[in-house]
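Colleague: I would like a close look at a single part of this model. Please keep it brisk and spell out the terms.

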Amino acid sequence: MNRKAIKKIMLFLLAFMLVFPVYSFGKAEAVQAAALKAPKLSKVVRVNKSVKITWKKSKGASGYYVMRKTENSSWKKIKTVKGGSKTSYTDKKVKSGTTYYYTVKAYKGKKVSSYNKKGLKIVYEVPTTTKPDTAGGNTTATGSTAANTASEYTIETDVVLSGSGSGYHAKLVACTATSAVSFGIQYDKHARAPYTGKAWFMIENVAHNGAGGQNYIWVQKAARDKTYHVMLTVKKDGTCNCYINGKLVKTVKNSSLANTTVYLRVEGSARLNGDSVNATFSNIELKADGKYYADKIWGTHDFTTNKGIKADASGYAASKRVTIKGKVKGLASGQDWDSAYEQVSGIIQFVN
């Protein structure tokens, strides 16, 4: 082999050795960067006076950047969470009535992952903090609550009712397949005097579904388009206590609810075809089998019975909120919520 050929071979080998490490290093960098994936968002919930966001661990991350925005702002980093195994952050700088969005980026050194640009949404509402006020009207309670009141089953919420037509109501319900106690606000133009054409807090105690199984108790006057904090509790012996703004207002007994599984619901109904209901239940708290967990998100099941009414539980997981609204339709001539009670409601049942 002559000197000229040897020189060409050596130049080729030198060029290959110079290029190959750069290619390999670049490829390794690309693989490493690709491995730092955007964290998968889990959920965002209200916890006391804060908002907690959780996510899935991102492989290879040494920490996370928590981002937040509102309806009128862009994404902004609010916290650096150090540690690749950390998967939650609690945001305490939140204001009631504000809609927030949260998302998360993973980082390792100077490398930062992509992120979920849509984020998770929550409408933050301040939890119960003010003193009991039986007059009602945009008040919440620090009196009796699901957390501090002995019971086997409890449903507690802030409720506001509006509507149109001859009658509509918003109620909390504790029931079995054949019996129930419900408690809430009802407006009825056809109610007997002195309840005619007025909004009242009312209890319906249903011992059984047969004739004569229902007992109605009017508790006190209410106002439409105002927020009340209400609670319904059930003890093991079937004793049911009803609370308004943290104060016990009435006790009834239903033996059919004793020593059995009780199902908890929110319900919105209207009286006649064309009557409408708009019921909002927020800050919903629940208790079953004598156990209460402040941060627990229950499952939900839609038992709505009228095609004109929509029960929307899509906001429950994020902000413990359910809305039930719409117009009753499809009743036969002469039917109303007394003769066709099983056909006039929007219902969300909570699953423990």
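How many of the residues of strand β10 (residues 167-175) are buried?

Modeller: First, the ground rules. This is a predicted model, where local features need pLDDT of at least 70, side-chain atom pairs count only at pLDDT 80 or more, and totals for chains, interfaces and linings use all residues. Residues are numbered from 1 along each chain as its sequence is written, and side-chain values use heavy atoms, with hydrogens and water left out.

Now the strand. Nine of the nine residues of β10 are buried, so the strand is mostly covered. Buried means under 20% relative accessible area, exposed means over 50%, and partly exposed lies in between (1.4 Å probe, protein chains only). Strands are DSSP runs of E, at least two residues long, numbered from the N terminus.

Next, look at the two sides. In a regular strand the side chains alternate between the two faces of the sheet. In β10, G167, H169, K171, V173 and C175 lie on one side. Y168, A170, L172 and A174 lie on the other. Both faces are covered.

Take the end residue, C175. Its relative accessibility is 5%, so C175 counts as buried.

Which strands pair with β10? One is β11 (residues 180-188), joined in the antiparallel sense over nine bridges. Two strands pair if DSSP finds at least two bridges between them. Four residues sit between β10 and β11, and the two strands form a hairpin. Within this pairing, G167 stands opposite D188 of β11.

Another partner is β17 (residues 263-270). This pairing is also antiparallel, over eight bridges.

Now back to cysteines. The structure holds zero disulfides. A disulfide is a pair of cysteine sulfur atoms within 2.5 Å. Consider C242: the closest cysteine sulfur is in C240, 7.1 Å away, and that is too far for a bond. C242 is buried too, with a relative accessible area of 0%.

For contrast, go to strand β4 (residues 76-82), where I78 is found. I78 has a relative accessible area of 28%, so this residue is partly exposed. Leaving aside neighbours within four places in sequence, I78 is in contact with V66, R68, Y89, D91 and Y102. Contact means heavy atoms within 4.5 Å. M67 is 11 residues from I78 along the chain, and their C-alpha atoms are separated by 5.7 Å.
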